Amino acid sequence: MVWKFDKVNCENMKNNENNPKNGASNWADQVLASLDGMERVKANPFLYTRILARMERKMGVWEKAAGLLSKPAFAFAAVFVFVAINATVLFRSQAEAEEEVAKKLNKEQMLAAEFSNSQTYTLVEVNEDK
Amino acid sequence: MGEQELVEALKDGNEAAFKYMVTSWQDMVYNTSLGLVQNEMDAEDVAQEVFVKAWESIGSFKGESKLSTWLYRITVTKSLDYLRSRKRKKRFAYVQSLFGMNDELVIDPPDFHHPGVVAEKKQLSASLFKALDLLPEQQKAAFVLSRIEGLNHKEVSEVLGTTVPAVESLLQRAKLNLRKKLENTYRKEL
């Protein structure tokens, strides 16, 4: 960072004082006192007009948004998008639920098939064999 | 027009009252903002924002403080927000330049010469404003309100929402930090 400052003042202080520490301190004092006697700056006389223009611009944005929302075409499009999103979510969740039920059924059927394949003997059949 | 009346009129959406508020306090708002953002165009932009915000949120003004204190508070908040966003943009531009995404040079702004400073002290005050820009936000705000706006410690504490001893401490640290920075500058330059 480049610092610019009053070189004339610094040079004077440098010549007057042999001690650089005092020079730095004196210069800092001068800089800190540089705001003494300063005046309050006046704002632009057209500030009020500019504020009104800014508020109108801001209002304009909201009004445009409100106008857009109140247009029938926009409203229909918004309703269509809303319904389409809801329908998609509904169908997708239904399809997922059906798939899950089918998987569960499939598992149960496989289990049933496994048990039906294995041979079962009744007590009577066992006694007859003997 | 009394302050209570003015506030009531503002809450009723009276445009004449708004104009009265702007013309009464525009210099105060602009001068405070200028001390903080150190750029005349930016200070005017912030001043506009302050009055728009005041108009929009006058309903939330409870009258616990003076209207001027409330306006000071909005000004300090908006100015510090502005400084933060400027820093963010500068940092982003620097990062972009590192990756070659932005060919524009990231340059430091020129020295700020406050128009209210007496002519023979302008150069010295430019060094002060440069050092002031490096202070922490609260110290910077306390210093500007006290030294540029000339508020007393109690008024500064009301604006910053803190106590008088806290403001005294902030100002003491601000002066100490400024002195350190200025002495370092002097040693580097000579």
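A residue counts as buried when 20 or more other C-beta atoms lie within 10 Å of its own, with C-beta atoms placed from the backbone.

**View 1. Chain B as a chain of helices.** In this predicted model, the secondary structure of chain B comes to 8 helices and 0 strands, so that, by the assignment used for helices and strands, the elements read α-α-α-α-α-α-α-α from the N terminus on. The C-alpha trace of chain B extends over about 60 × 40 × 30 Å along its principal axes. Chain B has 190 residues, of which 35% count as buried. When contacts in chain B between residues at least 6 apart in sequence are considered, 56% of them join residues at least 24 apart.

**View 2. The two domains of chain B and the place where they touch.** Chain B is divided into domain 1, covering 1-83, and domain 2, covering 110-190, and the C-alpha centres of these two domains of chain B lie 23 Å apart. Across the boundary, 12 residues of domain 1 of chain B are in contact with 12 residues of domain 2 of chain B. On the domain 1 side, the elements giving two or more residues are α2 (15-37) and α4 (67-98) of chain B, and the largest share of that side, 5 residues, comes from α4(B). Sorted by class, this side of domain 1 of chain B that touches domain 2 of chain B has 4 nonpolar, 7 polar and 1 charged residues.

**View 3. The side of chain B that touches chain A.** Between the two chains, 41 residues of chain B are in contact with 33 residues of chain A. At least two residues of this side of chain B are supplied by each of α2, α3 (40-56), α5 (122-132), α6 (137-148) and α8 (164-189) of chain B, and α8(B) gives the most, with 10 residues. The residues on the side of chain B that touches chain A divide into 17 nonpolar, 10 polar and 14 charged.

**View 4. Chain A, the partner of chain B in these contacts.** The secondary structure of chain A comes to 5 helices and 0 strands, and from the N terminus on its elements run α-α-α-α-α. Of the 130 residues in chain A, buried residues make up 10%. The contacts of chain A with chain B involve 33 residues of chain A.

Terms used: Residues numbered from 1 in each chain as written. Chains lettered and ligands numbered in written order. Predicted model: local features only at pLDDT ≥ 70, side-chain atom pairs only at ≥ 80, totals over all residues. Helix = DSSP H or I, 4+ residues; strand = E, 2+ residues; numbered from the N terminus. Buried ≥ 20, exposed ≤ 12 C-beta atoms within 10 Å, placed from the backbone. Contact = placed C-beta atoms within 7 Å. Domains from an automatic or database assignment. Nonpolar A, V, L, I, M, F, W, Y, C, P; charged D, E, K, R; others polar.
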